[in-house]
Amino acid sequence: MIDRGDNHREGAKRHFGAVMAAPGVQEWFVREVLPLEAALVQYLQHNWRNKADVEDILQDVYVKVCEAAAKERPQQTKSFVFTTARNTLIDRVRKEQVVPIEAVADLDALNMAADDPGPERAALARDELRRVQAALDRLPPRRRQAVYLRQVEGLSRREIATRMGIGEETVKEYLAEGLFDLAELLFSEPADMRRRR
Amino acid sequence: MSETTSEATGEATSEAREIKRRAAQFVIARRTSEEWSEVDQKALDAWLAERVEHSIAYWRMDAAWESTNRLSILRPQRSEPAPRTSLMPRTAKAVAAIAAVALVAYAAQSEFAPKEKVYASAIGDRKILTLADGSRIELNTDTVLRVAQDETGRKVWLDRGEAYFSIKHDGAHPFVVQVGKHRITDLGTKFVVREAGERVDVSLLEGRARIDAPDAEDKTHSAILMPGDVAVATNNSLSVRKTETRRIENDLAWRTGLLVFNNTTLGEAANAFNRYNNKKLVIENPQTAGLTIDGTFHTNNVGAFVDVVQHVLKLNVKNNQSEIVISP
């Protein structure tokens, strides 16, 4: 299994402009790749010992799939994304010359014969409001309040500052931190965790 | 080295996390700024161009923020005089003045109901109101509108006709337009509402607004309207379609006393004129009604329209005492 995947080794040298300029890559990424994030994170965590690396590995995977999609949109997003993830792990194993025991063995267990839209995506559309609301409820109080005042009550940053008795710069910080948390909860957290809480 | 320790030290930030944080800051700056300058945009562009990782993280954060936009549906409702509005004789095509007097009388006898002021425009008339907060409302022809006379005055009822709203945003006091049982809540915006018997049309020009449309079973359908959105609410449905804001502006030509026809059928044009004039246009033959016309006319100048119909489209025009009949 480890003898494949030289193809992503030159990852350090990239054409930065290409991905941004290619039309439709952003829409494709948001529509087809982001809904896979929770499963992808789970896969990476399962197959990589040092959990602290997972965020960086995920970032590498995203860069690779977007660069590939800028040239040619893959036919089957899900299997393409997970194959890229596996290759990325293999590259890391080689580079670090450490072989985690269960390295990179789990891919076939994900059963990706058919690239069906997957329950993730259907659920995303159906219950989006409920999910966003649940995610908002789980933010730390000040961040939640700032996001609530902005997105539910429609206040401006200045109005939020007055309401919360803080400066406008702090409002920006709370909103940005709140958004960071929301993105993690919405995209990264496994669906069964969301349901349980 | 164990999993638990590395998770516990989650604060030891990875490179990817730093990029995500920065992306979140940019999205917030861009999406919540009242004045986003060219300098701001250049700084963002430069950051995005620096590395592919930056762009992707920005897309991700922007998608997360985008998905929170629909949270505005959850905005708590202000106390509603719901029973009273449901008593409104919506279908009764009574003379506007009588209906208005009756409603004011009803409002006066309920001590909880805020007092209201009634504004009406006759057929062919227009009326402009400026509210205490600087918001503007323009009444089109044959329109009846009530304005709440409480301390904020930010609730109106459109009982019939059509009105254009240019609303000063006040986060603490949302502006509400009630049309029958349908309700439009502004989130800082310009929009036009038309009551047309069985349906209510809302077209949004600027900003955002929410429409809540209860159906016959009292289940409320809601939608957030963005610029270019046209919502149609009936007794059992709510639909939203997207058009160009330019088209909505055309439909708003009445604000300057004009009707703008753009590939408009004669039937629709006649209906448009008939809203502004007592002497009605009648088109006898469906094929004739299907002919299309382009042009700009004064709402009260039916004569100019009839001229075109007669001399350009070569149709027959019979001018009776009560109506103008057009035939092939």
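A nonpolar core here is a set of buried Ala, Val, Leu, Ile, Met, Phe, Trp, Tyr and Cys residues joined through C-beta atoms within 7 Å. Keep that in mind as you explore this predicted model.

Start with the largest such core, which has 62 residues. Select A:Leu40, A:Leu44, A:Cys66, A:Leu179, A:Leu182, B:Val27 and B:Met61, the residues with the most contacts inside this core. Next, colour helix H10 of chain A, residues 168-188: this helix brings the largest share of the core, eleven residues.

Now centre on B:Met61. Setting aside neighbours within four places in sequence, you will find B:Met61 in contact with A:Leu179 and A:Ala183 from chain A, and with B:Ala23, B:Ala24 and B:Val27 from chain B.

From there, show two helices of chain B: H2 (residues 15-32) and H4 (residues 52-68). Their axes come within 8 Å and cross at roughly 55°, which makes H2(B) oblique to H4(B). The crossing is right-handed. To see where they meet, select B:Ile19, B:Phe26 and B:Arg31, among others in H2(B), together with residues of H4(B) including B:Tyr58, B:Asp62 and B:Trp65.

Finally, step back to the contact between the chains, which takes 42 residues from chain B and 43 residues from chain A. On the chain B side, H1 (3-8), H2, H3 (38-50), H4 and strand E7 (182-196) each supply at least two residues. H4(B) gives the most, with twelve residues. Colour that side by class and you get 19 nonpolar, eleven polar and twelve charged residues.

Technical notes
Residues numbered from 1 in each chain as written. Chains lettered and ligands numbered in written order. Predicted model: local features only at pLDDT ≥ 70, side-chain atom pairs only at ≥ 80, totals over all residues. Axes fitted to C-alpha atoms, helices over the stretch in contact; angles between N-to-C directions. Helix = DSSP H or I, 4+ residues; strand = E, 2+ residues; numbered from the N terminus. Parallel < 35°, antiparallel > 145°, perpendicular 65-115°, else oblique. Left-handed = near helix turned anticlockwise from the far one by under 90°. Contact = placed C-beta atoms within 7 Å. Buried ≥ 20, exposed ≤ 12 C-beta atoms within 10 Å, placed from the backbone. Nonpolar A, V, L, I, M, F, W, Y, C, P; charged D, E, K, R; others polar.
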